[in-house]
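Hi everyone, thanks for making time for this. I'd like to walk you through some side-chain contacts, so let me put the model on the screen.

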Amino acid sequence: MPTSGRGSDAAGRAGAVAHGKRPRGLTLIELLVVIALVALGTGVVALALRDRGAGRLEEEGARLAALLEGARAEARAAGLAVLWVPSANRAAGAEQDAFRFVGLPERLQPARRWLDARTSAQVVGAPALQLGPDAILPPQRVTLSLDEHRIDVGTDGLGPFAVLPAVASDPAR
């Protein structure tokens with residue numbers, strides 16, 4: 001029985017909800033939760049779709065830059081003429097070395113294989129990279145390839161070897 005006393009409106013609404021009549025629509029909190037779940041799902045899918053070949057090649061490039069810098073430091077410290085030479089005509093998955101550090105003693109030889117056997121390298125403008133003994137080297141660059149992906153690792157001669165930014169205007173890419 002309706003009364004005109006305090007709280008009669010709330011009692012009437014509570015009775016309507018109890019009888020199956022409830023307000024329609026989403027609250028702001030529910031809407032925010034749905035948007036957050038959609039954003040989280042989109043982020044997970046975007047990470048899963050990242051190109052593995054490009055990521056693997058970036059890892060190879062960073063690793064090669066570190067290996068070249070280590071050999072360059074050894075060459076300068078010992079006063080040795082050291083070259084980095086990629087293997088020519090290397091079949092994918094072959095057991096031979098993918099590259100060599102010519103001039104370093106055997107005990108100082110770093111890794112000689114790629115992390116991914118499909119990776120190949122070509123020194124731009126020369127058969128090998130010069131790593132020492134001079135502190136100042138000529139500008140040098142090597143192009144790494146993995147499937148259809150390519151990146152360059154190089155130095156201007158003064159700075160360290162590093163993965164070089166891609167040049168968008170290069171039609172050969």
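How many aromatic pairs does a search of the whole structure find? The search finds four aromatic pairs. Take Trp-84 and Trp-114: their ring centres are 6.4 Å apart and their planes stand at 70°, so this pair is edge-to-face. As for the rule, rings of Phe, Tyr and Trp (for Trp, the six-membered ring) pair if their centres lie within 6.5 Å, with planes under 30 degrees apart called stacked, over 60 edge-to-face, and the rest tilted. Trp-84 sits in strand 1 (residues 82-86) and Trp-114 in the loop between strand 2 and strand 3, so the pair ties together parts that are 30 residues apart in sequence. Strands here are DSSP runs of E with at least two residues, helices are runs of H or I with at least four, and both are numbered from the N terminus.

Trp-84 and Trp-114 are both buried. Buried means under 20% relative accessible area, exposed means over 50%, and partly exposed is in between, using a 1.4 Å probe and protein chains only. Phe-99 and Phe-101 make an edge-to-face pair too, because their planes are at 85°, with centres 6.1 Å apart. Phe-99 is buried, as is Phe-101. Ring pairs join Trp-84, Phe-99, Phe-101 and Trp-114 into a cluster.

A quick word on the ground rules. This is a predicted model, so local features need pLDDT of at least 70 and side-chain atom pairs count only at pLDDT 80 or more, while totals for chains, interfaces and linings use all residues. Residues are numbered from 1 along each chain as its sequence is written, and side-chain values use heavy atoms, leaving out hydrogens and water.

Now the charged side chains. A salt bridge is a side-chain nitrogen of Lys or Arg within 4 Å of a carboxyl oxygen of Asp or Glu, and by this rule the count is eight. Arg-118 takes part in a bridge with Asp-116, at 2.9 Å between the closest N and O atoms. Asp-116 is buried at 12%, whereas Arg-118 is partly exposed at 45%. Arg-118 also meets Asp-147 in a salt bridge, again 2.9 Å from N to O. Arg-118 lies in the loop between strands 2 and 3, and Asp-147 in the loop between strands 5 and 6, so this pair ties together parts 29 residues apart in sequence.

Over in helix 3 (residues 52-78), Arg-72 and Glu-69 are three residues apart, about one helical turn. Their side chains form a salt bridge at 3.2 Å, N to O. Arg-72 is buried at 5%, and Glu-69 is partly exposed at 25%.
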